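Student: I would like to learn how to read a pocket and a sheet, so please take me through them one at a time.

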Amino acid sequence: MVLFVLERVSRHSVAESWRRLTDWPRHADVVPLTRITVRTPAPTREGTVFVARSGVGPLAFDDPMEVVAWHPPGAGTPGTCRLVKRGTFVTGWAEFEVHPAENGGSRVVWREDLSVRLLPGRADRPLGWSARWMFGRAVDGLLAG
């Protein structure tokens with residue numbers, strides 16, 4: 001099991017950063033070899049389910065996730081979202097907050113608890129390094145532009 005926290009500052013408003021982070025299909029644009037399928041009708045809310053299919057051929061796997069907490073940003077309040085990974089291979093949770101920052105921008109705090117079944121405990125440290133890098137790159141990509 002790996003637990004990590006990422007923080008990013010964006011020039012985008014809280015509302016725009018929130019929109020970018022919660023556009024689930026767009027995550028496939030920043031995570032290599034991944035496509036996203038949203039299985040529940042819009043809009044996103046508690047109970048929304050989407051699946052990230054990652055990999056190639058027989059090495060691909062599904063990472064189903066469910067939104068279990070959904071609090072979009074409001075006047076002066078941060079947005080918060082919590083996802084639970086419901087897969088048989090990748091488990092855990094992710095949550096993020098989008099806070100106001102200076103000059104009309106926003107600050108994102110992303111927390112993730114990640115487990116990959118069949119990986120021995122000695123793989124936790126390399127998994128943590130690679131997950132921080134991959135998720136950091138994904139959040140950077142979602143907030144870019």
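Student: Which strands and helix each supply at least two residues of the lining of the largest pocket?

Tutor: A pocket is found on a 1 Å grid over the protein atoms alone, as an open set of points where a 1.4 Å probe fits, with protein on both sides within 12 Å along at least five of seven lines, and lining residues have an atom within 4 Å of a point. Helices (H or I, at least four residues) and strands (E, at least two) are DSSP runs, numbered from the N terminus. Here strands S2 (34-38), S3 (49-54), S4 (61-71), S5 (79-86), S6 (90-100) and S7 (106-116), together with helix H2 (124-143), each supply at least two lining residues, and H2 gives the most, with eight. This is a predicted model, in which local features need pLDDT of at least 70, side-chain atom pairs count only at pLDDT 80 or more, and totals for chains, interfaces and linings use all residues. Residues are numbered from 1 along each chain as its sequence is written, while side-chain values use heavy atoms, leaving out hydrogens and water.

Student: In what order do the strands of the open sheet run?

Tutor: Two strands pair if DSSP finds at least two bridges between them. Seven strands form this open sheet with antiparallel pairing, in the order S1-S7-S6-S5-S4-S3-S2. Strand S1 (2-10) and S2 stand at the edges with a single partner strand each, so one side of each has no neighbour in the sheet.

Student: How many bridges join S6 and S7?

Tutor: S6 and S7 pair in the antiparallel sense over 11 bridges, and tryptophan 93 has aspartate 113, in S7, as its bridge partner.
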